[in-house]
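Here is a short briefing on one protein chain. Keep the 3D view open and find each residue as you read.

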Amino acid sequence: MKKYFFYMLAWLLCMNVAAQPKREFRGAWIQCVNGQFQGMGTQQMQQTLPYQLAELQKTGVNAIIFQVRPECDALYQSNIEPWSRFLTGQQGRAPQPWWDPLQWMVEQCHRRGMELHAWINPYRAKTKGTTALSTTHIAITHPERCFSYDDLLILNPGIAENRDYICAVAKDIVSRYDVDGIHMDDYFYPYPVTGAEFPDTVSYNQYGIGWDKNDWRRNNVDLLIEQLHGTIQELKPWVRFGISPFGIWRNKASDTDGSETNGLQCYDALYADCLKWTAQGWVDYMVPQLYWELEHKAASDLVLMHWWNDHANGRHMYYGQAVNNVMSHRDIADEGGDTTNATQLDHKLRLQRAMEDVHGVTWWPAYSITGNYKGVLDSLENNQTARPALIPPYTWIDSEKPHRVHDLSIKKVGGKKSLVWRAHDTSDPMQQAVRYVVYRFPKGKKGKLDDAASILTVTGETSYLLPDAGKGKWQYAVTALDRCWNESDPAWK
């Protein structure tokens with residue numbers, strides 16, 4: 001009863017939190033492994049993706065997590081791995097007409113002031129639906145480095161060469177593309193199948209002598225996370241490394257530091273010690289997949305949201321939410337289970353915003369937002385995320401704000417007015433302006449830049465077409481954002 005009172009008190013407190021925070025990570029996962037782009041063709045895909053981005057931007061989404069490596073293949077030009085069948089329908093076949101989806105998405109997102117995180121699956125070499133592999137695929141060129149499990153092919157995590165290989169893939173992406181992050185989801189060791197043992201006894205006997213087998217498996221994953229973080233930092237220290245683990249680390253029945261839940265544990269089943277990764281500083285953000293309703297008996301989101309807030313370890317924490325779950329369960333109002341709202345959308349966002357160490361949300365999947373599943377897009381666009389938001393700064397990477405923009409002016413072309421400005425020139429990539437925030441205030445009144453309601457847009461361009469302002473008199477401010485979302489002083493017009 002005391003615990004429930006604590007949760008309800010937190011809920012009441014969060015009702016007083018500003019509904020539109022200025023700083024909030026709002027991500028969306030755009031997957032390919034579901035086949036939504038498979039064989040679509042260049043022209044149709046280049047029409048579909050901008051539509052999705054435009055719809056997501058209506059809801060304030062400021063970061064796209066784009067799946068580019070589902071099974072040791074590529075949705076980008078790679079000399080290491082073959083083109084993905086989830087792009088062209090046949091692994092190894094290049095798109096016709098030729099294009100590079102990752103490069104194209106980087107440009108599209110940055111133009112809109114959004115981030116692009118390249119989403120890679122580290123170990124999966126073949127999904128269940130894949131029947132043919134390219135002759136250049138790692139499972140064909142080095143079958144001894146893979147094992148078969150549950151009709152999947154998995155790069156053996158116990159082999160150091162596989163860690164080097166995964167890091168080489170990430171290095172290739174980071175060095176050639178202006179991505180804002182490298183992202184991995186919950187697939188480390190494969191999800192266990194009852195009665196089927198992972199076939200890694202040979203590599204354990206070769207490399208794991210002296211280790212408990214479960215600890216050895218966790219250490220294999222730890223070594224990859226540490227090495228991958230170092231690879232990214234050496235190349236471009238501003239590129240963030242993020243992971244979205246399964247939503248339960250450990251249950252309290254298994255660990256006194258675990259959550260009051262009763263479900264699969266990523267620490268034990270997937271060998272993912274994600275708390276260690278943030279504590280060691282190997283990961284910049286965590287997106288636990290909280291895909292349950294608030295009152296779920298085995299895995300309550302109400303319980304898990306508080307637990308993950310208490311285990312952020314000084315890194316950014318964004319909650320992964322499944323749109324169909326959020327929109328398909330009525331809200332809970334009291335201990336008796338009475339309901340008020342038709343969905344749990346508003347409750348979850350208000351609860352999240354009341355938590356000191358939670359910095360945002362990521363929606364699964366993006367197409368549920370763009371398809372307006374049960375009115376989710378309408379609700380977000382008109383209520384919970386109606387105003388744009390800036391991503392909270394990554395101060396452990398860089399905390400120095402960039403120089404302000406200059407030559408801010410209003411130009412009239414063809415009867416329409418635009419704000420135009422110039423960025424400060426610098427050779428320091430950390431201090432380069434990569435996005436800009438445009439604010440609008442009533443003329444003669446002192447504007448407050450901490451008010452999200454005053455933000456007109458976040459853009460990657462150095463101009464902005466002003467909306468029809470009627471007969472009112474307005475003043476504008478423009479600030480610059482660097483790669484870690486530090487904000488400059490404003491320039492006024």
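In which loop is N313 found? N313 is found in the loop between α11 (301–309) and β10 (316–322). Bear in mind that this is a predicted model.

- Most residues other than glycine have a negative phi, and most peptide bonds are trans. The residues below depart from that pattern or sit next to a bond that does.
- N313 has a positive phi, near 60 degrees, and is a residue other than glycine.
- C72 is not a glycine either, yet its phi is positive, at about 55 degrees. Look for C72 in the loop between β2 and α3. C72 has a relative accessible area of 0%, so it counts as buried.
- Q96 and P97 are joined by a cis peptide bond, with omega at about -10 degrees. P97 sits in the loop between α3 and α4.
- W364 and P365 are also joined by a cis peptide bond, and here omega is about -20 degrees. P365 belongs to the loop between β11 (360–364) and α14.

**Helix α2**
- Helix α2 covers residues 42–58, which makes 17 residues. From its first C-alpha to its last, α2 reaches 25 Å. That is close to the 24 Å expected at 1.5 Å a residue.
- Which residues of α2 are buried? They are T42, M45, T48, L49, P50, Q52, L53, E55 and L56.
- Several elements cover these buried residues, including the strands β1 (25–30) and β2 (63–69). The cover also includes the helices α3 (85–88), α4 (101–111), α14 (366–370) and α15 (376–384).
- Just after α2 comes G60, with a positive phi of about 85 degrees.

**Strand β15**
- Why is β15 described as largely enclosed by the rest of the structure? Strand β15 (residues 455–459) has 5 of its 5 residues buried, so the rest of the structure largely encloses it.
- Strand β14 (residues 435–442) runs antiparallel to β15, and 4 bridges join the two.

**An exposed residue**
- A279 lies in helix α10 (residues 274–279).
- Is A279 buried or exposed? Its relative accessibility is 53%, so A279 counts as exposed. The cut-off for exposed is over 50%.
- A279 and H183 are 96 residues apart along the chain, and their C-alpha atoms are separated by 18 Å.

**The cavity**
- Rolling a probe the size of a water molecule over the atoms shows where empty space is left.
- How many cavities of 30 Å³ or more does a search of the whole structure find? The search finds 1.
- The largest cavity has a volume of about 40 Å³.
- Its lining is made of Q321, V326, L345, K348, L349, Q352 and W363.
- By type, the lining has 4 nonpolar, 2 polar and 1 charged residue.
- Helix α13 (residues 345–353) gives the most to this lining, with 4 residues.

Key: Residues numbered from 1 in each chain as written. Predicted model: local features only at pLDDT ≥ 70, side-chain atom pairs only at ≥ 80, totals over all residues. Heavy atoms only, no water. 1 Å grid on protein atoms, 1.4 Å probe; cavity = no way out; pocket = protein on both sides within 12 Å on 5 of 7 lines; lining within 4 Å. Points joined across faces, edges and corners; volume = space filled by probe spheres on them. Nonpolar A, V, L, I, M, F, W, Y, C, P; charged D, E, K, R; others polar. Expected span 1.5 Å × (residues − 1). Buried < 20%, exposed > 50% of the residue type's maximum accessible area, 1.4 Å probe, protein only. Contact = heavy atoms within 4.5 Å. Pairing = 2+ DSSP bridges.
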